Amino acid sequence: MSAFIHEWLNLLVRWVHVIAAIMWIGDSFLFMWLDSHLTAPSRPRDGAVVGELWMTHSGGFYEVVKRKSLAKGEMPDTLHWFKWESYTTWISGFLLLIIVYHLNGASLLIDPGVYPLTGWQATAISLGVLPVAYGLYELLWKTPLAKNNRAFAAVGLVLITGLAYGLTRVFSARGAFLQVGATLGTIMAANVFFRIIPAQRYMLAMTREGKPVDTTLGLRAKGRSIQNHYLTLPVLFTMLSNHFPSTYGGSMPWLVLGLLFVVGAGLKYAMNFRANTPPLAWAGTGLALLGVIVLTRPPPDPALEQFAGKPPVQFEQVASVMQTRCATCHAARPSSPMFAAPPQGVALDTPDAIRTHADRVFVRAVSTKTMPLGNLTGMTEEERALVGAWFAQGGEVPQGAKMPDFVAPAVAAPAPAPAPTAGSAMAEIPESARNYFASVCSTCHGPAGAGDGSVSAALNPKPRDFSDKDWQQSVTDETLKKVIVEGGASVGKSVLMPPNPALAEDAETLDGLVKLIRAFGA
């Protein structure tokens, strides 16, 4: 799938998802508010009336009467249902999960530093969690917990936090947060589809047949609806969490997420009951929020404490790291085909831009280590420490400083690719080519060109194995140069192979890279 089509699918489906979610959550808020503001009937009314209220809006007046059931003669010609909002939210959300998190080898779910999953394994786990979690939820409804909302909520919180803990042990923390939200969103939509709407249909069927209506069906449906209601704010947070790396970038992201669920549910409770909210609910919500703040705060003066006493770092060293690891995406014109413009408007391809965004670079690349995205460019711990030390030393960018076209990182990097064995027809490979391969290419293709680099597990399709002799015979040197300079998409191959346009002006390094690739297949 081309990057252009992928981006438009993402945009359109996300737009539908947000609109549908607004409508579904709005319905939930409105009907919960209606229930909490019903008063006893002001005059005798026919039927099973349990309350009424008056409202004014848009220059008009609305009288609302709630019945717990209908008699046969009370059936209206038109009965408005509220279901497609939830169905559309889930369908569009499921499509987004596939488009954003499952395509491209599930790279946003995988963090090789957490667990070495393949793309198919990550996708299978992500999809498998949804029905398993819903099945467990249904089992809870068959226990005595179904008769005690507070006990159900307590057990649910433990299970949600446990799910977050387990997912952060196999997925990236960012992916785990989203997966928890998708799982609970699935449970919410399933409540509507399998329980709430069928219960209402069955009650109406009994009304049409003139049979006594079993109102316990409505009570059970209401219980599911209330649980959905209190999950809305926490699930909304998981949908937005990827914009706030401090929440998932700490040492215990699973606990942060569990506490945020307490905060979200507590806020919803306060919104419903306002002045009648018990002090314990206020205290619990406040303490949970305080816990989140404590868990997500950066270490005190990390720039001074963590990097104190480090050797002086020159801007040129940091610029080399930015150019190699960050500027493929964060540039005025990104060379990565995944982006048409720098993400979040953050460009790091000029000295002035690095000076402007130095604090953000420190937080994302050094403190939380949530950038580069999925570490697809293979930023090393030594490079993160180098940037951290530079920031701690004041983050100075000298006047007139320039960005290098390419400078090998001034920190420990993967060992340079070995020169071809003696007797090879291409025995002399420039050091610049071997260094470029080691610093840029080996993160995907591996130090020996076998396609087993540090981030290869997160990629689909997998990087090319240069030792494949059949492939070596099928490709010309000119094609290799085109792919290296212009990227895989330029010859109809994977867009995950990024372009390296700077090499178009460096014939020695480019020719050396082709010789090195040929040597791997010798």
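(Buried is under 20% relative accessible area, exposed is over 50%, and partly exposed is in between, with a 1.4 Å probe and protein chains only.) What you have open is a predicted model, in which local features need pLDDT of at least 70 and side-chain atom pairs count only at pLDDT 80 or more, while totals for chains, interfaces and linings use all residues. Residues are numbered from 1 along each chain as its sequence is written, and side-chain values use heavy atoms, with hydrogens and water left out.

**Whole view**

Zoom out. The C-alpha trace spans about 100 × 55 × 45 Å along its principal axes. Colour by secondary structure and you get 18 helices and two strands. (Helices are DSSP runs of H or I with at least four residues, strands are E runs of at least two, and both are numbered from the N terminus.) The protein has 522 residues, and 44% of them are buried. Show the surface next. Its accessible area comes to about 27,200 Å², with 63% belonging to carbon and sulfur atoms. (These areas come from the Shrake-Rupley method with a 1.4 Å probe; for residues, only the protein chains shown count as cover.) Now think about contacts, meaning heavy atoms within 4.5 Å. Among contacts between residues at least 6 apart in sequence, 63% join residues at least 24 apart.

**Aromatic pairs**

Show the side chains of Phe, Tyr and Trp. The whole structure holds 19 aromatic pairs. One of them joins Trp-84 and Tyr-87: the ring centres are 5.2 Å apart and the planes stand at 85°, so this pair is edge-to-face. (Rings, for Trp the six-membered one, pair if their centres lie within 6.5 Å; planes under 30 degrees apart are stacked, over 60 edge-to-face, the rest tilted.) Both residues sit in helix 2 (residues 84–106); they are three residues apart, so about one helical turn separates them. Is Trp-84 buried or exposed? Trp-84 is exposed, at 56% relative accessible area.

Jump to Phe-437 and Phe-466. Their rings form a tilted pair, 6.4 Å centre to centre with 55° between the planes. This pair links distant parts of the chain, 29 residues apart: Phe-437 is in helix 15 (residues 431–445), and Phe-466 is in the loop between helix 15 and helix 16 (469–474). Phe-437 is buried at 2% relative accessible area. Phe-466 is buried at 6%.

Glu-85 is buried, with a relative accessible area of 16%. Which residues does Glu-85 touch, not counting those up to four places away in sequence? They are Ala-20, Met-23, Trp-24 and Asp-27.

Next is Thr-186, in helix 5 (residues 173–208). Thr-186 is buried, at 11% relative accessible area. Leaving aside neighbours within four places in sequence, Thr-186 is in contact with Trp-90 and Leu-130.

**Backbone stops**

- Ser-58: not a glycine, yet its phi is positive, about 55°. Ser-58 is in the loop between strand 1 (49–57) and strand 2 (60–67), and is exposed, at 68% relative accessible area.
- Arg-274: also not a glycine, with a positive phi of about 45°. Look in the loop between helix 8 (253–273) and helix 9 (279–296). Arg-274 counts as exposed at 56% relative accessibility.
- Pro-372: the peptide bond from Met-371 to Pro-372 is cis, with omega near 0°. Pro-372 lies in the loop between helix 13 (358–367) and helix 14 (381–392).

**Last stop: helices 17 and 18**

Show helix 17 (residues 477–486) and helix 18 (residues 507–520). They pack at about 115°, with axes 10 Å apart. Helix 17 brings Asp-477, Leu-480, Lys-481, Ile-484 and Val-485 to the contact; helix 18 brings Leu-510, Asp-511, Leu-513, Val-514, Ile-517 and Arg-518. Colour these residues by type: seven are nonpolar, none polar and four charged. (Ala, Val, Leu, Ile, Met, Phe, Trp, Tyr, Cys and Pro count as nonpolar, Asp, Glu, Lys and Arg as charged, and the others, Gly among them, as polar.) (Axes are lines fitted to C-alpha atoms, for helices over the stretch in contact, and angles run from 0 to 180 degrees between N-to-C directions.)
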